[in-house]
Structure formats: structure tokens, C-alpha cells
Amino acid sequence: MGRLRRRLLVYRSIEFLSSRVSGGTRPDEECLLLVHIRKVVGQVRYQLCDRCDQGVITDVTLEERFRSTGLGTRALSHLRSRHPGVRWRSTSNLRATRNLLRRMSIPATVAVGCPHTGGQGPRACR
């Protein structure tokens, strides 16, 4: 019953907030924060390119208690709905993240940047 309660909790009380990452490892990295009662319980870090309509997911993290509740799937679905028409790919290679991205049909890649910029980052192609 605990797993079902956590799944319901995820669908009722998790808010999604967008934020820029200041001082991040990559320039112009954005972050989708997953908030439960004023506490960040997860995040999806990504970069967007307006010119080629591509997005790169660089990291997905969730608190242990929210794994296997569907929150990761819900977060990526929310990200897709916020940025319609964007082709997503990922550079994350953690096992749990890899499985989630495979289920969501988001291909893995090695390069962080856009294909037409030579890997310099999505914002460099403007």
C-alpha cells in the first residue's frame, strides 16, 4: 500500500518549476525542479537550442523515496509539453536514468551541443 500512496502523492502534490542554473557546469543550462511541500525532491537538467529545435537532457535526479512512482516519466512528459516540437536526446548514462529515457524514447548521445555547432553547446548556434 505504501507504493500506491507514493504514486498518488506524486500526482497530487508535486509541482514543476522552471529555473536557470547559475554557476552550472554548462552555460545556459536550465532546470526543471520537482517540488513537494517547499522541498526539491528531484530535478531534470537540460539545454535547448531554438535554432535547430533540439534539447539535450544532461541529468535526471530523484529522491530515493520517489523512484518507481512514475515521477520521472511525469517530469519528462511535462518537459515535452512545455517545449513542443523539440527533439530530445540525453547525455546521461546512469542506469536508472538510461532505463527511464529508453522507456520515453529519448536516444542517448555523447555530444552535449547541437550537431551543427560541433558540440559547443546549444546556445552557441544563435
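## Close-up views of a predicted chain

**View 1. Packing of helix α3.** The buried residues of α3 pack against β4, α2 and β5, as seen in this predicted model. The buried set in α3 consists of T97, L100 and L101. These residues are on the same side of α3, because the arc that they cover around the axis is only 95°. R95, R102 and R103, by contrast, are exposed and lie on the other side of α3. As a general point, an α-helix has 3.6 residues a turn, so residues three or four places apart point the same way.

View 2. The C-alpha atoms of R98 and A108 are 8.0 Å apart in space, while the two residues are separated by ten residues in sequence. S105 lies in the segment after α3, the helix of residues 95–103, and has a positive phi near 60° although S105 is a residue other than glycine. Most residues other than glycine have a negative phi. Is S105 buried or exposed? S105 counts as exposed, because its relative accessibility is 60%.

**View 3. The loop that holds S68.** S68 is found in the loop between β4, residues 54–62, and α2, residues 71–82. Its phi is positive, at about 60°, although S68 is not a glycine. S68 counts as exposed because its relative accessibility is 52%, a value to be read against the cut-off of over 50% for that class.

**View 4. Helix α2 and its buried side.** Helix α2 has twelve residues, and the distance from its first C-alpha to its last is 16 Å, close to the 16 Å expected at 1.5 Å a residue. Which residues of α2 are buried? The buried residues of α2 are L71, G72, A75, L76 and L79. They lie on the same side of α2, because they cover an arc of only 135° around the axis.

**View 5. Strands β4 and β5 with the helix that connects them.** Strand β5, which spans residues 87–90, pairs with β4 in the parallel sense, and the pairing runs over four bridges. Within this view, G55 stands opposite W88 of β5. Taken with α2, the strands β4 and β5 make a β-α-β unit that is right-handed. The buried residues of α3 pack against these three elements, β4, α2 and β5, which links this view to the first.

**View 6. The chain as a whole, as context for the close-ups.** The chain has three helices and five strands, and from the N terminus on its elements run in the order α-β-β-β-β-α-β-α. Of its 126 residues, 44% count as buried. When contacts in the chain between residues at least 6 apart in sequence are considered, 50% of them join residues at least 24 apart. The accessible surface of the chain comes to about 7400 Å², and 50% of that surface belongs to carbon and sulfur atoms.

Conventions
Residues numbered from 1 in each chain as written. Predicted model: local features only at pLDDT ≥ 70, side-chain atom pairs only at ≥ 80, totals over all residues. Heavy atoms only, no water. Helix = DSSP H or I, 4+ residues; strand = E, 2+ residues; numbered from the N terminus. Buried < 20%, exposed > 50% of the residue type's maximum accessible area, 1.4 Å probe, protein only. Expected span 1.5 Å × (residues − 1). Arc of directions from axis to C-beta. Contact = heavy atoms within 4.5 Å. Areas by Shrake-Rupley, 256 points an atom, 1.4 Å probe, with all protein chains shown as cover. Pairing = 2+ DSSP bridges. Right-handed = clockwise from strand over helix to strand, strands pointing away.
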